[in-house]
Structure formats: structure tokens, C-alpha cells
Amino acid sequence: MKKTVLKDISLTVSILVLTFVFCLILREVFEIGEQVTAIFVFAVFLVSLLTDGYTYGLIASVLGTTAVNYAFTFPYFAINFTIHENIISAIVMITVAMLTCMLTAQIKKHEALKTETEKEHMRANLLRAVSHDLRTPLTTIYGSVTTLIDDESMLTEEQRSKMLVDIKNDSDWLIRMVENLLSVTKIDSGEVKIIKTPTALDELIDSVIVKFKKRYPTQPVTLDIPESLVMIPMDAILIEQVLVNILENAVRHAEGMTELRLKVFTLGKTAIFEIADNGCGIRNEILPKLFGGYFDTTPTPADSKKRNAGIGLSVCATIIKAHGGDIKAENAKEGGAVFRFTLATEEDIDEQQI
Amino acid sequence: MNNKYKILLVEDEPSISSLVSTVLGNAGYQVIHAESCSFAKTMFSSYVPDLVILDLGLPDEDGMVLLDFIRRDSLVPIIVLSARTDEKDKVMALDAGANDYVTKPFGSAELVARVRTSLRFNRRTNLEGCLPDGRFALRDLTIDYGARRVFLADEEIKFTQTEYNIVALLSEHLGKMMTYSAIIKTVWGDTAHETSIKKLQVNMANIRKKLGSRPGENNYIKNELGVGYRME
């Protein structure tokens, strides 16, 4: 907040001083004096456009009028508002300042409204996707449990244990869904900035692999990470979630996958995370909207394994964006999907507002 | 005669407490249950449990109050139940004297394992203590505290002073999650800030390398992101 005030003040002062000097040069060297008012009007317009709120524009217009009156209109180097021309130029400048400020304020308001609507839209989409994604496992769990309670004697041992396994799998899914939702709300809940702490890359990867192994003990992950210690500022829990989501996404959706690779390398001040599989790849028509929305999976059969991947991946995108990084997905030439995201290995001193 | 371990469960959600009671009961523990902080205080004083499982979100008072109350004059192991997103709460509880935490939602196997580890750890320190001239052994890892030497399957590992201090500290608190600040305080006599945490992480990276650990296969020292380390 303080920074913008300082910026606005220095902007106003420098524009006015430059204009003043420019006009002085024009008059003293080239003996041109008629355009002074027009030039000052332009300066006032610039100030109103580039600064926040009405204050600076109005101050600039008052200062501008005074300057024009004092230095550039007859009588020179004296204030005299009794001459009609001077009064008119003063009114023009103040009007320009007011109008410009009003317009820019309106545009800013409009933009804020637009992002707000977009956010609303995202939220509505998320809600819709969530209720869909939550209902399916809940149906299975509820159905299985009521069956187990009511018709226990009618079930074979095999059926019973299959139901219990299904209940466990669906609960696992629900747990992860809730984790994802929590992360998104953590980021979405207004001005809460992500708190980045320097995290050792190998500790992060260790934690990810331990979690992943617990869920998918039969799926090996080939690792390729730097030998040396790499520290990356991040919210480790969120980035861990991104990696687990992408790895899990591969297990769920990359049909025919035999190899899952996780590679991390640094390029200058950027760490690049790459998750590649050699499965069926991503259908081209959903590739562009993979991270953005919660795309419809109706064309695919209602198989529980094919459940919407949208939430997990858009959570990834939200988290990476909030870290100031980039995330992309593509199909590799030799087959399979590649997910890639970047994180800065060094924090900028002038941290960006998120 | 009843020589089962007594566990005081402080939890206000009836469904969770009944589940935990069943699980621990089946694992051979005797569970007593309190639903509020004030009730738990009375129960603790009259039953003297061997272990406390504490949910931090209680209806009458913050679970941290109970934690402080118990730690005032008891070293009984305390396991905290917490939600995933509250790393700060975990660290706070651990620094206030909790031995471990279990993240909700948890599997029954995980809970029983944590309870078992905490009880074993507690017995260890009670019986053997952290004798400076004693020896420590965990699977292939042996530590000779007197000579300040560490062996992995009979082969000596050359640790630096600091690395040794960290390993020794973790081994003295076998099974306990040690927060960054707890380790830094003991090893460097420093308070935890970003540079000292980094120092710790650099040392840990070297220790892991020397112990032959690889990501996903940390055999002796487990790391919990944003919280700390545990030897197990």
C-alpha cells in the first residue's frame, strides 16, 4: 500500500517537472508559447491515468494550472487569475483530470467485477464437479454398508470382502478429494498468501514417494533427481500434493503404462519437475482444458476408475500458479503423457502479490 | 489382575472415539474415554493412564491446555490427533511435549503402530535412559555413544561432529517425532529461524546419503515435511 502511494507521488512529481522543464525550453529556446496549456492538459491526463484514485489527478491539475498561470501566461512569473484565458485553462485542466480519473476508476471497477465473476464461475464449476465426484463414491460406500448391515447373512464371504475393499478404495478417494478441496480453499480464501519455506528437494521427493507407495504399492516410480542439495522455496505440503496428484493421475488414466518417471532438474534459477508415463497419452480434445476447468467425462463409460481427473489437475494448476510457476501437459512423441511444472529456486526480493 | 496398558482417549466425536476404542481394544489395550478437557483432567488424575490420545479440538477448552496440564508433572506419552492441514498445530503440540501425532483420517493399523511405538519408546527411556556410555542398536545401525561412533552393518560411517550429534539425538528419542526447532535447540543451542533450519536440512541430506537412503527408502530417519524428523 505504502509503495503505491510513493510510486504515485513520484510519478506525479516527475511528470509535472518534466512538462514544466519541457515548456520552459520550448519558450526560452524556440520561443513557442501557445501550446503550453495543451501540453499541461496532456500531463494532467497522464497523471490521472497512471495513478490511483482522484487525488493525484486533481493535485496535478491544480499544480498545472498554477504553473501555466505563473510561468507561461501574461503576466509572466506572477499569479493572475483575473484574465479570462487563465481561468478557462484552469477549468479545462480540472475537468480533464476529473473525467479521466472517473473513467479509469470505472474501468478498474469493471475489471475487478470481471475477475470476481470469473472466480464465481470457477467456484460454481468446482462445486458442480465436486458434488458429482463426491456422490459416486458416497453411493458405493452407502450402498455397500447398508447391504452389509441388512443382508449380511445372504452374502458370501467373497462378496463381503469385495464390498469392504470397495468401501476402502472409495473412502481413500474421498479423503484425497477433501485434501484437494482444502488446498484450493486455502489458496482461494482471499488474501491468504502462500507461505514459502525453503524445502530440500530430496525431502520433498522422499515424502511424495512414501505417500505414493502407500497408495499404489505395485507401481514403481523411476526417479531422476539432482545429486546435489537443491533448496526450493515453496509450501511443501501443497507441492507434495501436486506431485502426488499428477502421479496418481497417471496410474488412473494412463492405460497400458509400464513406466512412470519423475525427473527434476534445475535450469538457471528454475527447477523443472517432469512426470512422464508411457501410457495411452491424453486425448487431444481435452488437452487444452486439462487444467482449466472441470471437464465433462460423460463420453467415457461410468467406470469408477475413469472418474473425473479435472479436480486433481486444476488443483495442481491453482497451486503452481499461486507459487508463480507454470504447468503444462503434452503427449510425448514416443507415446505417453508428460506433465511439467516449474518453480523458482530463489525467491525474488520484490515479492509479487498473489 | 489386569496388566493391560491403559490408554486415555480424549475425543469428543462419538463415532471416532468408538472406532478408536474398538481398534485399540482389539489390539489388547484398555481404553478409557473422556469427551471434554475438564473430564479428561479428572480421569487422568484418577486413572494414571500409560498413554494419552488427545484430539486438539475439544468442546470446552483447547486440547493444548490439557497437554500443558499433563506435562506439568507427567512424562506419559501423548499422541495428538490432528487434521492434515495444520502443520503449525502439529509443531506446536510436539514442541509443547506431545510425543507424536496421527493425522486424521487415519487407518487403524497406523494408529496401533503409533501407540505401540510410543509405549515402547517410553519404556526404553524409563529403563535404559539415554546413557552416555551405552550403545544403541536399531536393525543394522549401531551407535556407540561413548566413542561417538556409528556403524551400519559393522561398517563405520564417518559423520562430522554435527551430523553425529543429530543422529545421536534422534536415536535417543527413538520413535519420537523431533521438530526442527527441538533439534536445532539441542544441537546448536540456537532458536529456529530460516537459516538454522537450512543448516539442519543440509546436514540431514548428508546424513541420509551416508546412511545410504534414497527418496522413498529412508530406512532409519523418516522426514515429515515442514515438521521434523523421526528415527524408527
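**Figure 1. Where chain A meets chain B.** In this predicted model, the contact draws on 24 residues of chain A and 15 residues of chain B. On the chain A side, at least two residues each come from α5 (157-188), β1 (197-200), α6 (201-215) and α7 (236-253). If you want one element to follow here, pick α6(A): with nine residues, α6(A) gives the largest share of the side of chain A that touches chain B. Sorted by class, that side of chain A holds 14 nonpolar, three polar and seven charged residues.

**Figure 2. The two domains of chain B.** Where the two domains of chain B touch, 13 residues of domain 1 are in contact with nine residues of domain 2. On the domain 1 side, the elements that contribute two or more residues are α4 (87-95), β5 (100-104) and α5 (108-127) of chain B. By class, this side of domain 1 of chain B is made up of four nonpolar, three polar and six charged residues.

**Figure 3. A cis peptide bond in chain B.** Most peptide bonds are trans. Here is one to look at in more detail: Lys104(B) and Pro105(B) are joined by a cis peptide bond, with omega at about -5°. Pro105(B) sits in the loop between β5 and α5 of chain B. Both β5 and α5 of chain B are also among the elements that give two or more residues to the side of domain 1 that touches domain 2.

Figure 4. How many of the five residues of strand β3 (residues 51-55) of chain B are buried? Five of the five are, so β3(B) is largely enclosed by the rest of the structure. In a regular strand, side chains alternate between the two faces of the sheet. Both faces of β3(B) are covered, with Leu51(B), Ile53(B) and Asp55(B) buried on one side and Val52(B) and Leu54(B) buried on the other. Strand β1 (residues 6-10) of chain B pairs with β3(B) in the parallel sense, over four bridges. To find your place along this pair, look for Val10(B), which stands opposite Leu54(B).

**Figure 5. A three-stranded open sheet in chain B.** The strand order of this open sheet is β10-β12-β11 (chain B), and the pairing is antiparallel. The edge strands, each pairing on one side only, are β10 (178-179) and β11 (221-224) of chain B. Two bridges link β10(B) to strand β12 (residues 228-231) of chain B in the antiparallel sense. Within this pair, Met178(B) faces Tyr229(B) of β12(B).

**Figure 6. Two loop residues of chain B with positive phi.** Most residues other than glycine have a negative phi. Val48(B), which is not a glycine, has a positive phi near 45°. Its setting is the loop between α2 (37-47) and β3 of chain B. Is Val48(B) buried or exposed? Val48(B) has 11 other C-beta atoms within 10 Å, and because a residue with 12 or fewer counts as exposed, Val48(B) is exposed. Asp154(B), also not a glycine, has a positive phi of about 70°. This residue, Asp154(B), lies in the loop between β8 (149-152) and β9 (155-157) of chain B. With 7 C-beta neighbours inside 10 Å, Asp154(B) counts as exposed.

Conventions: Residues numbered from 1 in each chain as written. Chains lettered and ligands numbered in written order. Predicted model: local features only at pLDDT ≥ 70, side-chain atom pairs only at ≥ 80, totals over all residues. Pairing = 2+ DSSP bridges. Buried ≥ 20, exposed ≤ 12 C-beta atoms within 10 Å, placed from the backbone. Contact = placed C-beta atoms within 7 Å. Nonpolar A, V, L, I, M, F, W, Y, C, P; charged D, E, K, R; others polar.
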